[in-house]
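I opened this notebook to record what I looked up in the structure.

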Amino acid sequence: MTCLLFKLKWFWGRRAKEEELHREIQFHLEEEADQRQSEGLTAEEAKWAARRELGNLLLIEERTRETWSILGGGEMRDIWVDIKHAIRMFRRSPGFTATAVAALALGIAATSAIFSVVNAAVLRPLPVQDPDRFVVLMTQSVDQKGETSASSAASPVKYAYWRTLSNVFEDVSAYSGVLMNYTGGDAKEQFSGLRVSADAFRAFGIPILRGRTFTPEEDSPHGPHVVLISQEMWTNRFLSEPHVLGKSLRLNGDPYTIIGVVAYDRAWEEWGPAPAIFVPFQLDPNSNDAGNYFSVLARLKPGVTLQQAQAALSASTAQLRAKFPAALGSKDVFTVETFKESLIGNTRPLLWVLLGAVSLVLLIACANVANLLLVRATGRKREIAIRAAIGAGRGRVIRQLLTESLLLSFVGGAVGLALGHAGIRALLAVNTAGMPRVGTNGIALWIDWRLGAFGLAISFATGIIFGLFPALQSSRADLSGALKESTGRSGTGLGQNKTRSALVLSEVALAVVLLVGAALLVKTFVALYAVDPGFDTSHVLTMRTLMTGENYQETAGVAQAVKDSLERIRALPGVLKATSAYWVPLQGGAGFPFSIVGRAPAQVLFTGSAGWSPVAPGFFDVFRIPVKRGRAFTELDDEKATPVAIINEAMAKQFWKDGDPLQDRILIGRGINRAMKDEPARQIIGIAGDVRGAALNVDPRPTIYVPQSQLPDAATAFFVPIVSISWAARTQGDPHRLAGAVEEQLRQVTGLPVTQVRTMDEIVALSTARQRFNMLLMTVFGAMALLLAAIGIYGLMAYSVAQRTQEIGIRLALGAQGSQVRNMVVRQGMEMALAGIAIGLAAAWALAQVIQAFLFGVKPHDSLVFVAIPVMLTLIAFLAVWLPASRAAKISPVQSLRYE
Amino acid sequence: MNSKPPRLEMLQGTLDLLILQTLRIGQAHGHAIAKYIQRTSEDLLQVETGSLYPALHRLETKGWITASWETSDKGKRAKYYKLTAAGRKQLAEEHSKWAAFARAVALILNPANEQ
């Protein structure tokens, strides 16, 4: 190492070194002459003798210098010379250099943008100890269509059972996000944090700055109110006060004792905003609660493999089922996967497709630059021939040409890497699209050694890909031929144009593939918005309140606050209707199994399962959901009235193949957990239209609506602290204008902070973020491909016309019409373009299946797409060919014959 | 020219050994090194300048000798070479290698001397 540094220092201090060597040899000469003189020669004779003795001075210096270079044989110097030469060449043709660098930068920017995401999501190790042993325990179920899906939602019953599997797991921990109202300060605000079991700190490796984590007693049911706060809260709210431990923080109306401070860790930014508070989960190990409302993580015991853990989970669950019949569906099984896999599993196929797409963009860019180099190579034929003639071997010439292309690719790579990284961060700042591990607004896309190595590798690879072929070709120069050419202009044979046509043809083909993919995703996005969601999204303002405090422990208190708030909101000018619901469409929800009263009980416990949505009167009006049969809820459906429910059409169709739902009563989630233990049988009073409430691209599922005011107290007590109640108002004009007024009314009535103020259109946009992301990226890539391909066609045709100026001139002189010449050029160009389009279409047809999973409302082989894209490309290609062709038609025969 | 005794071709790598050995005595410039080797070998070995300087620079690159510009006894600036610790070690190694080699060759050429 030191030796290398030493050599490098020598390398850079070369000039001084050479002078020194010269002086050293001079001294030798003088010394020799002195000696000769002392032996009796005259001064002149002595000098000549010394000179003779020494031999070839230059050769000695040369051979000495060679010992300096790293490779020992002057190769390092050659590379340096090559680089200097390349820089000189590029300076002399700034147009070519700028075009080539721009094309490469575009291609590499696209590639490194996607790689940034792949790196953050897939390649980067999780910021926890032993990430491979950090697993999530899940339940795999089979839906009515027979498709299996795994869910990490876990119940206290499952949690308790998994904790018994201590031979394979340790630190089995429950966690869920939690929102808590802070009402102690001047401004009402809400903290978001984590509810975790005691072992979670160890399992996650959550670093503690001060104090301690929860004791098992604090994590028991009815344990004390304790909290750990984030370092940020400690710094900002408590001004880093050393005696913060033992202080009290008022959360959800109760005093919580601060027992610790969680250290800030930048690596954790990838999960999103750092949790402000950590509260103990306090799950009852003897609970029979089978409601799935949190997640469970664990660590594999040392030496236990994932397969062994899976085997332990797959072992008989008969005992569990016997004890808790509602805990597991009949076809449910437990599964385990690493936490990392559970984070990225769904995104991986998308990332690979995007990576594939950017590789195509990069290939097109390479083809473009290769073409540019081939054009240049024809111009440099004589230069290369002269080099060969004075003794440069073919390898030497190739090396010099490759040095040039590598220089281009590294400059393009540096620009592209910076551009791509900044670009993807900018895109994610607008729309993270649910990408895992990228952090809030993509801030966790850090530049690390992997990205750096990728940049180097991709620059090197592209430099070789686009440089090698032209280098091989032009180094095969026919010496005497090239030297005899007076101008070097007519040096391009048919063979080389064929190569260049092939390159342009493949550019067009690749562009077709990308554009077909982009068009399919655009159509998907259009189809998403064209789908009838079942409700009117426009002019609806929503916001949420977490109802905490003494007044909201029972249904009556919550119902009264809702009633008061809605009365005030409805009185606001500009508000047409107002309602409240646990969840508005596209913003989450819950589901329960249910049974129909009076139906012969099947072997299974429940008739089926359905979405469950407690709503206030006016819900169907605000969202303009039609009530197809029966009636909507009114203020009269309160806790004293007959318990009622409204179902949707999907539910009616699925469960009342014959019979009238309005004659039946249903029991929802009876006995599944403490929330539903008092749930009464409800009379079905109406059938509402279907709503796409989970996502626009998911078919409506059976759904039951119940009046909020008729929930059993147990259900209210269970849900209200963990689900922020949503408010929705249909407004006249822009909903945003009313946000302040509605918020103020809610604050006055409830005394609680208001969060997530959004219009329904914004919620729809959030729910389609991923599709928008896909469409946007693919459209950008498609546009790049199109641009590069168009430049490729234009460049080739313009060059070929310029090359054939004399030939065209002769044709015109012999009587050809301008239009004939033009048509000839157009025909030749279009033949090439159409061949590329045809090949591209075939490839796109074969590849379309790859993105099927990301499509909605459009088939992979959509006929419109497969017609429109080739038509568009044909038009663009025609334009790119027409310009040089019409220039050819205007060639003056007289001038062209003089043209050199 | 004719007055000089016949010269010996130097074996590959021998020059390095001889330079190191010469510098064992103290620092010297290139010309002095060449003359010393020539004199000490009773003019049997002639150091070609064309080999000497590349060899000196190679040894310097390897870190076996260091160089510094100093004033010669005649008052001129000259580049003096000096043995480093690594060079001393290398010399010892080369020396024993050479001795072994010489002994081996001697054994073959003069089998009678075998003990």
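I took helices (H or I, at least four residues) and strands (E, at least two) as DSSP runs, numbered from the N terminus. The model is predicted, and local features need pLDDT of at least 70, side-chain atom pairs count only at pLDDT 80 or more, and totals for chains, interfaces and linings use all residues. Residues are numbered from 1 along each chain as its sequence is written, and chains are lettered from A in the order in which they are written.

Entry: a loop lysine. I located K188(A) in the loop between β3 (169-182) and β4 (189-196) of chain A. K188(A) counts as partly exposed because it has 15 C-beta neighbours inside 10 Å; 20 or more within 10 Å would be buried and 12 or fewer exposed, with C-beta atoms placed from the backbone. Leaving aside residues up to four places away in sequence, I found K188(A) touching T183(A), R747(A), L752(A) and P753(A), where contact requires C-beta atoms within 7 Å. From K188(A) to V706(A) I noted 518 residues in sequence and 31 Å in space, C-alpha to C-alpha.

Entry: the chain interface. I found 14 residues of chain B in contact with 16 residues of chain A. On the chain B side, α2 (30-40), α3 (49-62) and β3 (77-83) give two or more residues each. The most come from α3(B), with seven residues. I recorded three nonpolar, eight polar and three charged residues on that side; Ala, Val, Leu, Ile, Met, Phe, Trp, Tyr, Cys and Pro count as nonpolar, Asp, Glu, Lys and Arg as charged, and the others, Gly among them, as polar.

Technical notes. Two residues are in contact if their C-beta atoms, placed from the backbone, lie within 7 Å.
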